[in-house]
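Subject: Structure handover and notes

Dear colleague,

Please read the notes with the structure open beside them.

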Amino acid sequence: MYQIGTTLTQYIIEEQHTYEGASGHFTGLLNDIATACKKLSGLTRKGALVGVLGAASSENVQGEIQKKMDIISNDVFIEALENNGHVAALASEEMETVYNLKEGKRRGGYLVTFDPLDGSSNMDVNVSVGTIFSVVKAPKGVLNPTAEDFLLPGTKQVAAGYCLYGPSTIMVITTGRGVSMFTLDNSCGEFILTRDDVKIPEDTKEFAINTSNQRHWEAPIQRYIQECVAGKEGVRGKDFNMRWVASMVAEVHRILSRGGIFMYPLDEKMRKSGKEGKLRLLYEANPMSMVIEQAGGLASTGRERILEMQPYALHQRVPVVLGSKNEVQRVIDYHLL
Ligand code: P6P
């Protein structure tokens, strides 16, 4: 446990001292990620003032029209991470293939996968967006890692987290020893520790799902949501509230802050189009699942633990049910019936 008010820089350096023989590369990498998030916080705040809103003229690998900020934020992340010798390669929602470092740039011991601006369509309507990142160890002695090197189960992540660009800019990090939250103090440009060892309430009265897809849901999800909506007159015996921000970072942060369950399940419409879910495994589901589990929650596809899945593709999609332990377990149990 660190004292509230500790800066992220101090926190990371102290953490380094607890790892025997630490090289400092991990420390440097987390600081580079923080630098990228500070820059993105400034850009997202300015929005239209710097002409970063609206669509670019390109599509990403998902077939989604890229927003100008998607491309700008991807470039900001690459520029912050490729120059200091802490990473061996990068992968992103916004790039079809692995980003190998330019000739002559020092390679480091980590691979970073990121969604530079998750929920970016919310930028145009001034609703919170965020960055999600996942860190694994790079293969030793490989100058240019390939996509295969990124395809590790989520249990192999050495760090994961997100940065939420909302009324405050809040960075949430886990290195496998609990979850810490840092709020950006714009007056000094430092992330300040505002919550440490975060724990999610095991029960909740709040669910998050895009109910416009209801007619496509599978039976276990139909049942779970119908019971929530039935409220205290139904089998649950209590009323529920619903939230849907369409920005996973905002939903997860709410759950970390006060509990809840977030679901983007597989549905019949996805099945018919050959999709395995909406959210991406490597740079949305895995990092968020590590954060949620480190805070005492659960993260499942409904049928298996997300962190134990063996990825087969960089941009693989996966169903997601995560949040308060007892609610997620109930959804898992409904899938077993
Ligand atoms: P829908 C944003 O595009 C995202 O990947 C997540 O951040 C968010 O939870 C979800 O998709 C929103 O999906 O179908 O509501 O637009």
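V331 is buried, with a relative accessible area of 0%, where buried means under 20% relative accessible area, exposed means over 50% and partly exposed covers what lies in between, with a 1.4 Å probe and protein chains only. This is a predicted model, in which local features need pLDDT of at least 70 and side-chain atom pairs count only at pLDDT 80 or more, while totals for chains, interfaces and linings use all residues. Residues are numbered from 1 along each chain as its sequence is written, and side-chain values use heavy atoms, with hydrogens and water left out.

To stay with V331 for a moment, the residue sits in helix α9, which spans residues 325–336; helices (H or I, at least four residues) and strands (E, at least two) are DSSP runs, numbered from the N terminus. Not counting residues up to four places away in sequence, V331 touches I221, Y224, I261, M263 and V321, contact being defined as heavy atoms within 4.5 Å. Between V331 and N210 there are 121 residues in sequence and 16 Å in space, C-alpha to C-alpha.

Helix α1 and its surroundings

In helix α1, residues 8–17, the buried residues are L8, Y11, I12 and E15. Seen down the axis of α1, these buried residues fall within an arc of 95°, so they line one face of the helix; the arc is that of the directions from the helix axis to the C-beta atoms. The buried residues of α1 pack against α2 (25–46) and against the strands β8 (169–174), β9 (179–185) and β10 (190–195).

With α2, helix α1 packs at an angle of about 160°, the axes being 9 Å apart. That angle makes α1 roughly antiparallel to α2, given that angles under 35 degrees count as roughly parallel, over 145 as roughly antiparallel, 65 to 115 as roughly perpendicular and the rest as oblique. The axes are lines fitted to C-alpha atoms, for helices over the stretch in contact, and the angles run from 0 to 180 degrees between N-to-C directions. On the α1 side the contact is made by L8, T9, I12, I13 and Q16, and on the α2 side by T27, L30, N31 and A34. Divided by class, the residues of this contact are 5 nonpolar, 4 polar and no charged, where Ala, Val, Leu, Ile, Met, Phe, Trp, Tyr, Cys and Pro count as nonpolar, Asp, Glu, Lys and Arg as charged, and the others, Gly among them, as polar.

Q16, which is found in helix α1, counts as partly exposed at 22% relative accessibility. Leaving out residues up to four places away in sequence, Q16 touches A22, G24 and T27. Q16 and L298 are 282 residues apart in sequence and 28 Å apart in space, C-alpha to C-alpha.

Helices α6 and α8

Helix α6 (residues 248–258) and helix α8 (residues 281–294) pack at an angle of about 10°, with 11 Å between their axes, and α6 and α8 are therefore roughly parallel to each other. The contact involves M248, V249, V252, I255 and L256 of α6, together with E284, M288, V291 and I292 of α8. By class, the contact of α6 with α8 has 8 nonpolar residues, no polar and 1 charged.

H253 also has its place in α6, and at 10% relative accessibility H253 counts as buried. Its contacts, not counting residues up to four places away in sequence, are with Y162, L164, I170, V172 and M181.

Other single residues

N74 is found in helix α3, residues 68–81, and is buried, with a relative accessible area of 6%. Neighbours within four places in sequence left aside, N74 is in contact with M69, S92, E94, M95, F114 and P116.

Where might you check the backbone? Phi of N126 is near 55°, a positive value in a residue other than glycine; N126 lies in the loop between β5 (110–118) and β6 (129–137) and is exposed, with a relative accessible area of 73%. Phi of A246 is near 65°, again a positive value in a residue other than glycine; A246 lies in the loop between β12 (241–242) and α6, and at 43% relative accessibility A246 counts as partly exposed.
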